[in-house]
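Here is a short note for anyone opening this structure for the first time. The points below are meant to be read with the model on screen.

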Amino acid sequence: NSSDLNPSSFILASIPGLEAAHFWMAILLCSMYIVAVAGNCAVLFIVKTEPSLHAPMYFFLCMLAAIDLALSTSTVPRILSFYWFNTREISFGACLLQMFLIHTLSAIESTVLLAMAVDRYVAICHPLRHAAILTNAATVKIGLVAMARGVLFFLPLPLLLLPLPFCDSRLLSHAFCLHQDVMNLACTNATPSVVYNLTAILLVMGLDAILICLSYILILKAVLRLASWKERLKVFSTCVAHICVVLAFYLPLIGLSMVHRFGKRLAPLVHITMGNIYILVPSVLNPIIYGVRTKQIQRRILNLI
């Protein structure tokens, strides 16, 4: 097979035998995208205009909403263009940029989820020190550290792919670009890229998941020391929304990683479905979860309606 150091484009994946259903699939994805944009914009607007919500927990929620908006907007319009207008090719540069944004924004979201877990730990285990530890200035610094961490860890991914030669086969496994997917199309040994990708994921998402679990172990210990079950349930209920958001982020991430690692023989429908779930489901669910669980946001939404 011939190879090209810089291929002009890659081919986005379609579902064999279901090309005729792309129009209706696009309508479903577009509806979910509209819900995600409307929900996350509503969260940003409500927190900005409601002085009682100017607290670290809600600032972290705003960061989460902004990340979800950026992540879905960097992928879904291109997927809809593919499904509606059959524009299957994506240029090499655009693919690398999209790949960088997906991985970097996911890393930033993971860091923000860890910060929210720490916020819950301090609020429950050290309530008298909460206001002194998590000030507005500290919240801004955490947001900047999350951004720097995501960019520094995942900027090398597209740079490691630039010098690799690519074979004639340019067909991706998803309707968007992921590092694992693009890397598999290289004609040469991509071990450095594989090792760095795995190391970055373990040091960011893996470490964050471990620290989030540790935070909730400490929270459970503090909650179980309370006198009555009523008090325990009342205190722990403040963590329910965050736990749901963590599961909505990490379960699709783990599922997509498992499909890439062990599902090479699975049907293309599985790969494409898992990819779409990873991109859209957290963005759709996060504002709904916090809208349902947070009374201040509920009241504000009802007032707006």
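1. A word on terms to begin with: a cavity is a set of grid points where a 1.4 Å probe fits but cannot get out, and its volume is the space filled by probe spheres set on the points. Please also keep in mind that this is a predicted model. With that in hand, the largest cavity here has a volume of about 120 Å³, and the structure holds two cavities of 30 Å³ or more.

2. Which residues surround the largest cavity? Its lining is made of I102, H103, S106, L178, Q180, I201, M205, L253, L256, S257 and Y278. Helices α4, α9 and α11 are the elements that each give two or more residues to this lining. Sorted by class, the lining has seven nonpolar and four polar residues, with no charged ones.

3. The second largest cavity has a volume of about 30 Å³. You can find it by selecting N40, V43, L61, L64, A65, D68, N286 and P287, which line it. Two or more of the lining residues come from each of α1, α2 and α12, and α2 gives the most, with four. Five residues of this lining are nonpolar, two are polar and one is charged.

4. Now for the open spaces. The largest pocket holds about 630 Å³ of space. Its lining counts 19 residues, and those nearest the centre are Q180, L198, I201, S257 and R261.

5. Which helix gives the most to the lining of the largest pocket? It is α9, with eight residues. Helices α8 (179-183), α9 (191-224) and α11 (240-262) each supply at least two residues there.

6. Several helices take part: α2 (56-73), α4 (92-125), α11, α12 (268-293) and α13 each give two or more residues to the lining. Of these, α4 gives the most, with three. How does the lining divide by class? There are five nonpolar, five polar and five charged residues.

7. Helix α13 deserves a point of its own. The axes of α1 (residues 22-49) and α13 (residues 295-304) come within 10 Å and cross at roughly 100 degrees. Since angles of 65 to 115 degrees count as roughly perpendicular, that makes α1 roughly perpendicular to α13. On the α1 side the contact involves F45, I46 and T49, which meet I297, R300, I301 and L304 of α13. By class, five of the contact residues are nonpolar, one is polar and one is charged.

8. Next, the record. An unreviewed UniProt entry lists "transmembrane region" at residues 20-46, 58-84, 90-118, 130-155, 200-223, 235-257 and 269-292. Two of these spans can be compared with the model. Residues 90-118 are 93% helix and 7% strand, and their end C-alpha atoms lie 40 Å apart. Residues 269-292 are 100% helix and 0% strand, with end C-alpha atoms 32 Å apart.

9. The UniProt record, again an unreviewed entry, also places the feature "domain: G-protein coupled receptors family 1 profile" at residues 39-290. In the model, how far apart do the ends of residues 39-290 lie? Their C-alpha atoms are 10 Å apart, and the span is 77% helix and 2% strand.

How values were computed
Residues numbered from 1 in each chain as written. Predicted model: local features only at pLDDT ≥ 70, side-chain atom pairs only at ≥ 80, totals over all residues. Heavy atoms only, no water. UniProt positions renumbered as here; feature names shortened; annotations may be inferred. Axes fitted to C-alpha atoms, helices over the stretch in contact; angles between N-to-C directions. Parallel < 35°, antiparallel > 145°, perpendicular 65-115°, else oblique. Contact = heavy atoms within 4.5 Å. Nonpolar A, V, L, I, M, F, W, Y, C, P; charged D, E, K, R; others polar. 1 Å grid on protein atoms, 1.4 Å probe; cavity = no way out; pocket = protein on both sides within 12 Å on 5 of 7 lines; lining within 4 Å.
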